[in-house]
Amino acid sequence: MTTPALLPLSGRRIPTLSPGASSFPHHRATLRLSEKFILLLILSAFVTLCFGAFFFLPDNSKHKRFDLGLEDVLIPHIDPPKEGKGQPRGQPAREEEESLRDKIRADHERALQEAKEKLRKSREELQAEIQTEKNKVVEDLKKKDSGPKPLPPVPMPKVVGVSDGEPLEPDVKEKRDKIREMMKHAWDSYRQYGWGHNELKPLAKKGHSTNIFGNSQLGATIVDALDTLYIMGLHEEFRDGQEWIEQNLDFGVNAEVSVFEVNIRFIGGLLAAYYPLRTGSKCSGMAVFKMKAVQLAEKLLPAFNTPTGIPWAIVNLKSGVGRNWGWASAGSSILAEFGTLHMEFVHLTYLTGNPAYYQKVMHIRKLLAKMDRPNGLYPNYLNPRTGRWGQHHTSVGGLGDSFYEYLLKAWLMSDKTDAEARKTYDDAIEAIERHLIRKSNGGLTFIGEWKNGHLERKMGHLACFAGGMFALGADGSPDDKAGHYLQLGAEIAHTCHESYDRTVLKLGPEAFKFDSGLEAVAVRQNEKYYILRPEVIETYWYMWRFTHDPKYRQWGWEAAQAIDKYCRVSGGFSGVKDVYSSNPTYDDVQQSFFLAETLKYLYLLFSSDDLMPFESWVFNTEAHPLPVLHLGNITLPGSEPARR
């Protein structure tokens, strides 16, 4: 048997082969990963040794050091101290440099000693160490992807007057029970056929997703529906959703998502599930919801990395790369999207103590305040690179709607201390009323759209939320106009009810016109569909809360019956393509907002007012309730103290 020989290059001991043997076995053409690791380790030690031999040659009068010209790279820059009397010229600098050299020598010796110890170990020991290091790397990556460390505890906003909201009247209770049954059918169908997918195709009975969530399956319906389930007392279903979120909700996916949509649906939904929805012992305040909301918010922050601070509409959750929708005017961001972040981001700062979220949305507000506004109106498009308006199109419906809603709700959520938000809202509504709100020949009040210098006499289903907004903002309006805005809300509610009542299915179209003798009626085929939208029912609920006029409950019940009759299928609920046809075709999509908003607003409409009272809760644009932050004695990081 031959004695082991040394490999000259690295010093690794390799057994020599018997005469005539091949250099490498035929069945293994390459080195194993563990052998590569050991070779690399020993090679690096050898290079370090050789380099040290050159670098650390004695530096004195008898031995001249080789000057490699790398001092500025290898030795941290040390500013020479100022010379004084009695101080040898250049002596402090030499002492500091020599001290640094001693430290580097010691580190070098320690690394060399560790390499020698590695070489004394057996092959099995080295493989075990390599596997241990691999496992450590995997665990570190898991910890990194798991999100931030546990968040600091903060005082929970005080919530009073919350109850199950059971109505006293038997017939109202019966209607509310029917709404709960509709919710259970929608949820159970999703649970059976689309679990984990973003939405459901109730006819095909399989999962569905749209481009607003990229190619990811993030369980949007689960997150969106959680607080509705809890409010309705469907606690077993709530726990199923909670368990899925704990085990499966992962935002580290390579997917482009809508910043706006994931903010209102996911961050809003998670925060609403985190905050208590009941007083007493029952509480949904699970830390996992808060942690997931913060993880997602961190993924959205790169979208704000633009020259103006106006965020991109879309961001890749993995890379952080942002962009805008290809169809948006000249590469612009959209008013309703970058203007609908304030509520959620303020709560994120409150819960984490991180001022970044609050500062991002306040920067948007301050930038808009400095800009010229044509006729006092906010166009729907703003270029995030140049800070200039895009196409001058203004709407209280799609592209603009929730920007105005969040101005009002920022004031309400601040316990009415955010005077800047209230003033901005009041000014915007005054301009809207002057330029966009008109009466039809038949006496219907509608909100048109400003396009290319003229008013288009068309109103979208999305704009029907404004009736509730006007009512909600009536108290606190300037010049004693509370009664005026409550009346304006009632007129919008009436117009939107007419858009429902003038269809065959008693469900409202996506958009309806007020010209050429037509009023509150859709003209184009692509405007005749109903996709389970909530905005009209939302306004019914707000008007009911402020007036208790029974017609709003009646109108809401008409809508609920129509949805149950024409949109319900065996696998859930589907939108319909033509509300003027007695034999409608389905679009085969159960939208997540149907569970988050439409059914929630119906349930609240038939509940007593002490369920989610306005004094304690403000609903985001996806109907997720967030508590009012009584900030009289609390200062958000980076903000000024609240003043009353």
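The protein chain has 19 helices and 20 strands, where helices (H or I, at least four residues) and strands (E, at least two) are DSSP runs numbered from the N terminus. The structure is a predicted model, in which local features need pLDDT of at least 70 and side-chain atom pairs count only at pLDDT 80 or more, while totals for chains, interfaces and linings use all residues. Residues are numbered from 1 along each chain as its sequence is written, and side-chain values use heavy atoms, with hydrogens and water left out.

Of the 644 residues of the protein chain, 52% count as buried; buried means under 20% relative accessible area, exposed over 50%, and partly exposed in between (1.4 Å probe, protein chains only). Among the contacts in the protein chain with a separation of 6 or more, 67% are accounted for by residues 24 or more positions apart, a contact being defined by heavy atoms within 4.5 Å.

Helix packing was examined for two pairs. The axes of helix H5 (residues 170-193) and helix H6 (residues 220-231) come within 12 Å and cross at roughly 150°. This angle makes H5 roughly antiparallel to H6. Axes are lines fitted to C-alpha atoms, for helices over the stretch in contact, and angles run from 0 to 180 degrees between N-to-C directions; angles under 35 degrees count as roughly parallel, over 145 as roughly antiparallel, 65 to 115 as roughly perpendicular and the rest as oblique. The crossing of H5 with H6 is left-handed, a term used if the near helix is turned anticlockwise from the far one by less than a right angle. On the H5 side the contact is made by Met183, Trp187 and Tyr190, and on the H6 side by Thr221, Ile222, Ala225, Thr228 and Leu229. By class, six of these residues are nonpolar, two are polar and none is charged; Ala, Val, Leu, Ile, Met, Phe, Trp, Tyr, Cys and Pro count as nonpolar, Asp, Glu, Lys and Arg as charged, and the others, Gly among them, as polar.

Arginine 180 also lies in helix H5. With a relative accessible area of 23%, arginine 180 is partly exposed. Residues up to four places away in sequence not being counted, arginine 180 touches Met232, Leu234 and Tyr603. The C-alpha atoms of arginine 180 and leucine 229 are separated by 8.9 Å, although these residues are 49 residues apart along the chain.

In the second pair, helix H11 (residues 342-352) and helix H13 (residues 401-413) pack at an angle of about 30°, with their axes 9 Å apart. H11 contributes His342, Met343, Glu344, Val346 and His347 to the contact, and H13 contributes Tyr406, Lys409, Ala410 and Met413. The residues of this contact divide into five nonpolar, two polar and two charged. In helix H12 (residues 356-370), tyrosine 358 is found. Tyrosine 358 counts as buried, at 14% relative accessibility. The C-alpha atoms of tyrosine 358 and leucine 341, 17 residues apart along the chain, are 9.7 Å from each other.

Two sheets were also examined. Strands of a sheet pair through backbone hydrogen bonds, either parallel or antiparallel. An open sheet of three strands has the order S5-S6-S7, with antiparallel pairing; two strands pair if DSSP finds at least two bridges between them. Strand S5 (256-258) and strand S7 (322-323) are the edge strands, each pairing on one side only. S5 pairs with strand S6 (residues 314-316) over three bridges in the antiparallel sense, and valine 257 stands opposite valine 315 in S6. Helix H8 (residues 259-274) lies across S5 and S6 and runs at about 65° to S5.

The other open sheet has three antiparallel strands in the order S10-S13-S14, its edge strands being strand S10 (393-394) and strand S14 (454-456). S10 and strand S13 (residues 449-451) run antiparallel and are joined by two bridges; the bridge partner of histidine 393 in S13 is lysine 451.

Backbone geometry was considered at two loop positions. Most residues other than glycine have a negative phi. Asparagine 452, in the loop between S13 and S14, has a positive phi near 50°. At 61% relative accessibility, asparagine 452 counts as exposed. Lysine 506 likewise has a positive phi, near 60°, and is found in the loop between helix H16 (482-501) and strand S16 (511-513). Lysine 506 counts as partly exposed, at 37% relative accessibility.
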